[in-house]
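Student: I'm new to this one. Could you walk me through how to read it?

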Amino acid sequence: MTPRLQPIAPLNAPVRAPLSLGRFLPVLPLCALMALSACGGGRDPDSLTQPRNHLLGVDRGATGGDDELKGGVNAYLWRGAIDTLSFMPFASADANGGVILTDWYQPPASTNERFKIAAYILDRRLRSDALRVSVFRQEKQGTEWVDTPVAPNTTSDITTRILARARQLRADNGNRD
């Protein structure tokens, strides 16, 4: 059996050029713009700059009146820290381990500085030494953020506010431990 031969195009037939990227370059930016605009999902651009705390709607009282969370940290200190730091966006919050980490927060009045806070609840008792707060500050120098020291009273002021809120929550609960 002999193989079948494929017909050959006549010599005067037009030659098709292979597809090249050059033909599509003028349209490429328009396609990219359309693809990016589809990603928006109808969100209001103004809402993207506002911090959102996904934990605000969650019951932060652990099991109601109990003063202990499962991880062995004081629930009043936990709730006091969440309430006090709720003006900042949270990066993570671990109720079992007693760790709250905020994301960088830039005060509305300042465009050249930002803050980040880490709060650690270390004990089951409502005591001042059961709470450790670290505040980090950066200033913008040119196009880069540079670590700078915080004011000496900033960390103690935030710690005091968290403790005051925790004591208020405890008093509202009938001073039950």
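Tutor: Let's take the core, then a loop.

Tutor: This is a predicted model, where local features need pLDDT of at least 70, side-chain atom pairs count only at pLDDT 80 or more, and totals for chains, interfaces and linings use all residues. Residues are numbered from 1 along each chain as its sequence is written, and side-chain values use heavy atoms, with hydrogens and water left out.

Student: Which residues have the most contacts inside the largest nonpolar core?

Tutor: In soluble globular proteins, nonpolar side chains tend to be buried together. A nonpolar core is a set of buried Ala, Val, Leu, Ile, Met, Phe, Trp, Tyr and Cys residues joined through side-chain atoms within 4.5 Å; buried means under 20% relative accessible area, exposed over 50%, partly exposed in between (1.4 Å probe, protein chains only). Here the largest core has 25 residues, and Leu77, Leu85, Ile100, Ile117, Ile121, Val133 and Ile158 have the most contacts inside it.

Student: Which elements give two or more residues to this core?

Tutor: Helices (H or I, at least four residues) and strands (E, at least two) are DSSP runs, numbered from the N terminus. The elements are α2 (75-85), β3 (113-121), β4 (131-141) and α3 (154-172), and α2 gives the most, with six residues.

Student: And where does Arg124 lie?

Tutor: Arg124 is in the loop between β3 and β4. It counts as partly exposed because its relative accessibility is 41%. The C-alpha atoms of Arg124 and Val73 are 4.4 Å apart, though 51 residues separate them along the chain.
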